[in-house]
Amino acid sequence: MSQIFHRHSNIYSRLSILGVVLFALTLAGVVAMLHLSGYNTRQNDYVEQPIQFSHAHHVGGMGIDCRYCHTTVEESSFANIPPTKTCMNCHSQIWTGAPILEPVRASFRDNTPLTWTRVHDLPDFVYFNHSIHVKQGVGCATCHGPVDKMPLMYQQAPLTMSWCLDCHRNPARYIRPRDQVFNMAWERPADDPELGARLVRDYNIGSVEQLTSCSTCHR
Amino acid sequence: MDLSAIRSRLASAEGRLYWRSLGELTDSAQFREYLHREFPEQASEWNDPKGRREFLKLMSASLALAGVGACTRQPQEQIVPYVRQPEDVVPGRPLFYASAVIHGGYAQPVLVESHLGRPTKIEGNPEHPASLGAADSFTQAEILNLYDPDRAKIVTNRGEVRSWGHFLTAVQSALTAQAPRGGAGLRFLTGAITSPSLAALMAEILRAHPQAKWHQFDPAGRQGQTGDANARPIYHFDRADLVVTLDADFITCGPGSLRYQRDFSTRRRLTDDRKQMNRLYAIESTPTLTGAKADHRLPVRAADVEGIARELSALLGAVPQGEGASVPRPGEPDIAGWVAALARDLQAHRGRSVVVPGDFQPAAVHQIARSMNEALGNVGTTVTYAAQVEAAPTDRHASLAELARAMDAGEVQVLMILGGNPVFSAPVDLKFSEKMAKVGLVAYHSLYVDETAHLSHWNLPAAHALESWNDARAYDGTVTLTQPLIAPMYEGRSPHEVLALFTPQGDRRGMQIVKDYWTAAYSSGAQWTITSPDDEPFANADAFWKRALHDGFVPGTAVTAGGPATPFDAPSSGLDPSRPAPPVTGDQGGLEIIFRPDPTIWDGSYANNGWLQELPKPLTKLTWDTSAWISPRLAEDRGLHNGDVVELRYRGNAAKMPVWIVPGHPPQSVTVFFGYGRTRAGRVGNADETARQFNPYLLRTSDAPWFGSGLEMARTGERYLLVTTQEHHAMEGRVPVRVATLEEYTKEPAVIAHQAHAFPKTLTLYPDHVYDGYKWGMAIDLTSCTGCGACTTACVAENNIPVVGKEQVSRGREMHWIRVDHYFAGDLDNPESYHQPVPCMQCESAPCEVVCPVAATTHSSEGLNDMVYNRCVGTRYCSNNCPYKVRRFNFLEYADWYTTTLEPLRNPDVTVRSRGIMEKCTYCVQRINQARIDAKREERKIRDGEIVTACQATCPADAIVFGDLNDPNSRVTQVKAQQRNYGVLEDLNTRPRTSYLAAIRNPNPELEPARPAGQTEQH
Amino acid sequence: MNAQKPLYGLMAEFNDVTTLVDAAKRTHADGYRKVDAFSPFPIHELFEALELDDKRVSRAVLLGGIAGCVAGFGLCYWVSVIAYPLNIGGRPFNSWPSFIPVTFEVTILLASITAVLTLIVLNGFPAPYHPVFNVKRFAEHASQDGLFLAIEADDPKFDREKTRAFLQKLGAREVSDIEP
Amino acid sequence: MDSNTVTHYPPPPPVIEPGHTFESVTEKISRIVLGPSHPVGWFITLGIGFLLLNVLMVSVGYLLLKGIGIWGNNIPVGWAFDIINFVWWIGIGHAGTLISAILLLLKQDWRTSINRFAEAMTLFAVACAAMFPLIHTGRPWLAAYWLFPYPNTMGVWPQFRSPLVWDVFAVGTYATVSALFWYTGLIPDLASLRDRTKNTHLARLFGAMALGWRGSARHWQRYEKAYLLLAGMSTPLVLSVHTVVSFDFAVGIVPGWHATIFPPYFVAGAIYAGFAMVLTLAIPFRKMYGLEDFITMRHLENMAKVTLVTGLIVVYGYTMEAFYGWYSANQYEQFMIYNRMTGPYGWTYWMLIFCNGVVPQTLWIKRFRTNTTWLFVMALIVSVGMWLERFVIIVTSLHRDFLPSSWDMYYPTFWDFSTFFGTIGLFVTLMFLFVRLLPMISIFEMRTLVPAARVKGPKDPTADIDVTFGGG
């Protein structure tokens, strides 16, 4: 036989090779994007809660301090989700009839705890400790974002390991004076570039080697 | 195996040849057996239909997992806050409560760690004189019993589900029926009782029913001491320079062992300034850890101990009262010389020596020992004879025999059994289970639905010690309070609450009973003189109670400090307490059989406890099985090998046992350990058809419960696979344990350093890594270590270490992060023993790290050899490259994800490792991190001793020291400065952070002429 | 040129290697440049005859190798020293001796891949279609046992008749048109 | 040194039986692929191979389901059959590239008729080998990508000091380069098949794979350059691969692993095992397809000689290990050797000495070298021997290392064996599919061996050089 391919097959064959390469690249890209996406990290997605509690209202509006509810944040690894009692401290006085608060009253009445869904949830093999971060000048907002502007709580940071490392490798860029930790509005003073470095010194924050040692977070 | 070959090999070996098991000295036997063991073993999994179904079911799933396992999105988790939060609860931080667990009737004082209301770990109570922070394996493993899924959960009557209410009515009707006869048909069977409030309840009952009787039985409890008031010895080893044991294992046995071990090692400890140690002579039958620690050990038949004791006492001019029939002593002349030398040494240590009779030796030996201590002027200094701590002490085997007789005679209508599982553990000659059938109503109160429960009418679930109130006394009489850490998980009730049902007042809560008793006792001050530990007295009874609860014990109640014997004012406990122990029947010829409780599952009551089952037994390192110990000589004569099953015939009874050859065992004796052969222990403890026969209770008789002659042993030709965590018992000249006598060491301290090559640091290519800040390190004193294994249990509890089971252990896959190696040295018939706890060495130039392809194990800034479970892919390369083989691999899914009752047990601060992951000792990094965070929050450095690793915390001998090597004043730095400090395999330049203090022995020069130096050299 | 159907070139078939080589020499000597010879196996004399010596392959491979070497070591260094320096068994971050194997392998890898890629690209592959296949005998024998010489039509010196005659003179057993 | 054993052999018998033409060569080889019928032996062997392949899939599936515990591995023997098989297969995978590359550079024209399927063998052996580094891990689903340096959200990378990472790169590179080398060699033959087959679809398929090869002198010139360069690079590569594999052990501190002699001795072992496997395959194929006049007795004999020489090097390696053991005056090394010879696994050591040390010595005698049956048997024995060598190195060294307390025994389980034999199934299946679907001997290179391929004329003396290059 003679010619078995059409004369256009040359261009087709070359295009097809190009196509395969492009497809592979796109696929890789898509997978990567998906992995980083909020879908995977649960970044920025609201979760259904028994009560649509608004931090914007309580923190931003009323100006309640974080520690009023999250009592153990300064002494324990866990920043304590407030017991129903804490809600009732006020809500036995105000909005006593508000239907939206019925679950709270019910919980208090029949002594059955409220069940919340975790918004910030690290894997079980990560041992994050609130107390030390708070002590060393990591502001609530640094990781949790502008909570005072969140009508519903959502996870603002990706909470990936490399995200943690950003700060552990260069704390100076992120930490603030201890007295500003619970201040949602605090902003890094533009006129004092040395602040971070100074705080790292004053607060005697661990060396980068220590902060990036595996057992600092994993056991 | 050819033992003569071993002898010749040992003889030919110059210097001290270390070896560990005979199986290794002549591998042939073992290996031929092993090599002929047919493949494929795992195929069984495949044949078993369940396995196959599971396989087909999960195949697709697993393949899917293999594909996307890593990219799946994390599931959402719930979070449930309190409704009203107790103010002392801080989520994320554990609370510690002082309490106690009961072992053999005595209190073991503990601190219990509790996370949000769930107890997770038991440690010793540092405040308490009986513990000083230490805890033995039984005590620590109680936490696993608490969560045991097989615990008795509900009240049943003849298999029908009932309630406590039903039982109460049953009791009341029974009592009314008994009333006219003064309760003649009413019997109680308990173990030893030291709890004053419980004794009071019992007394109350016996007062109400004068004819009722209270019997005591405890298969493993010591031979009941004759009732005379101040006969109970309490030793003070911290004051003794010379200790002689008469078949006594004070290091691991008995309620005082923890404190005794601590005192003993304190007196033995060497430092640079204190260059003297105590000396221990052990005259013993079965090799024990005490004997292993001895500077001089004399293995004799248990029956000969009395004779030798008499001879010794004669040499000391001590005349024991009640001179009985003189027991023939062994003829061997060398013994006479040995005893003479000992006598001279004792004379030289008047007032600073102590003679300790064994719990399992007859009363006569105890009297002889006492007379010797008196003659030596030890009483008051190294030993105190104090008031009885047990209420109504009695000869328990006699007591049980009496009950059996009564049951047989039909005198018993109502039998209330509080624990003890007599059906399984009663001496065979009493035929207890048969006679129980003649009792109209048998109620059994127990933690498990066991053999006895099966034959009882009423089964009453017991509340675990951590669920109930109690007030047992410790070995020294200190009243130790038990408070519940958690509400009873099932319908369980405490012994107090059960006995209360029989009292006129009827149903009462445990707290009420205990608290009322003590507040009353405090206020009345009649029986108890309670004084505040501080200067100013308690404000009121309530203040006293609060303080006592907080400390975990009632101050001033120790019998040594003038505390009273446990009050028991009742007409009769049923038995004449002064009834003497029955005489051991004379020599029947043949072999001698020695009965001992199993070292890890005790009398069988811990059979369902995986931690204790898998804990290697002392000296043999066997796990999961019992064995009959025989001497190499006997093995030679009978041509027996490890694992051969023999039939033991003794007094017309027969049982089978697999034998294990134990160097140093008296030649003409056979030791059997009772506790195994359970049929209704639970999922862990139930023995299979074969192992059921291995039950020494089938041989044990009430008149000679601890030893007797006339045993016949015949090989059956069967073999049984005994699994040990250590195949090999020789050091092959590698000196992991370095040894010297006190004499050698004081003369030339470098003798330790010279025992192996050191690595010249100049030979390394790379510059040293600098560790400023903390630099963690550990030192383990082999002179102190007794090899009790408490550290292993502590580690298991602290680090969520799984139990893998016999089959996996037989494959060499045990998971213990800290193992206790054991080596024999020298003479086959009477060797020296050395113990060596081996955790991760945290090498500075760690061979494991370099080879990990994914950086799952790296060095932290403080020099820890971190293991990152979530990064590990499980190549096992690190383990291959670890010269100490301290890494452990999850070959299968060992972590139990499915037994829900075990979930609360886990330590929330330690990751639970899943399948395919390498793990190892981390120096308890969770504790280090917590301490570092606390220190930073308080803006200070971590104090020395602030971090205590789990193994260190529990070590009764205080052999483990941990701390910061960069702190010149830390204890660990100073300990490591000693010249007997050395690193194992230093010559590999691994630079271990864990180092050892050489084992120093203190032999009597008269008995052991000093070896020329260099003989200890190992190469 | 008279209106004939367009032509890619002329294809001459030869009986044996020697004649082919000889013909090639003469064609080249005669000034033809757009000449190509076809054989079912490589013949070195042909290369010389047609003065074929393409050095681009070797150069590309060299570059590929160098790139691989740099990339390989660069990767190791960046990861171990810059990206996440970790204390591995007390070794320095830049343990260069340990980086040699990877560096070497990556070098070889890139070099080899370049070799094959340049080969394919320079040969203008993939080109399943080519005018020469229109010659029936070529399609059937070029990859088996046929020896051919082709002169393309756009060679400046090409002239249908003259060239055909020229090829015949060279001892071709048959000269045929190659349709484009 | 292989070249010596060959060139010191005057006068070489022809590497192709006389009387062949371009057409006959082409016809004879391509018929195996295009021909309608196929020998029964092929179907039977393929069947067996396929069966074993299924065993492999079940074994691996069960492994993923249950974990490494289904094998006999333990502490201290963390590696056993898994890594033994890996090293064994990788070793076998060395002959192909070696024949194609090194013998090419050494101008050994006899390689021509065996290099094609030797290369195929390489690829399939490497495929079998490459499985193990993955499935021997506790969590393959993570190891599958954590071992590669790719940007990730953890900010963590492979640990480049670990020989296992070197393995990934070495084996990866080796697989890729071998594949390229093999395919490049195939292009002209694919063209032949394209123009030969009567089936249009097949023709298009081959055509697509041949990329439009038309035998142009211009192409041939570049082709040879590229091929030569590939050969030049494969040579150090093939040596490096087993060197890196040997680092897995040499870098460790385990007595019996930590030896500087490992790289050369592993490479020699690899060539040894590789040639044995080539013989194991060549002899039956030769018979099955009547290729005696392409794969002549000279080929077999040369391979036998290479086997003999490399065998001697391997034996030298064993001797050296023993010598080091004694000479090092290091108690661990000394015990290691003692334990190898007299320990519980001593029998494996002596079997290995017999298989790799004693049996090949028969090849000194021509009568054995030229007896195909014996060569076949001998080759099998050598393969067994090489497997045992890895067993001795890995298991025997690990089971008794430094601390006697951790000494233990290793016993393989059913699943150890099923996985091993499974990979053999994979190998056989691929190999037999290959001979059916692609020309197992390089047709165009064979053509260069036909007398008619020589250009008459003054340049005759160098003709055979051309031929050799023609071989490339």
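Q: In what order do the elements of chain A run from the N terminus on?
A: This is a predicted model, where local features need pLDDT of at least 70, side-chain atom pairs count only at pLDDT 80 or more, and totals for chains, interfaces and linings use all residues. Residues are numbered from 1 along each chain as its sequence is written. Helices (H or I, at least four residues) and strands (E, at least two) are DSSP runs, numbered from the N terminus. Chain A has 12 helices and 1 strand. Their order is α-α-α-α-α-α-β-α-α-α-α-α-α.

Q: How much area do chain B and chain C bury between them?
A: Buried area is the accessible area (1.4 Å probe) that two parts lose on being put together, summed over both. Carbon and sulfur atoms carry 63% of it here. The total is about 930 Å².

Q: Which residues of chain B lose the most area to chain C?
A: Contact means heavy atoms within 4.5 Å. By that rule, 13 residues of chain B touch 9 residues of chain C. Three of chain B's residues together give 50% of what that side buries. They are Tyr766(B), His769(B) and Val850(B).

Conventions: Chains lettered and ligands numbered in written order. Heavy atoms only, no water.
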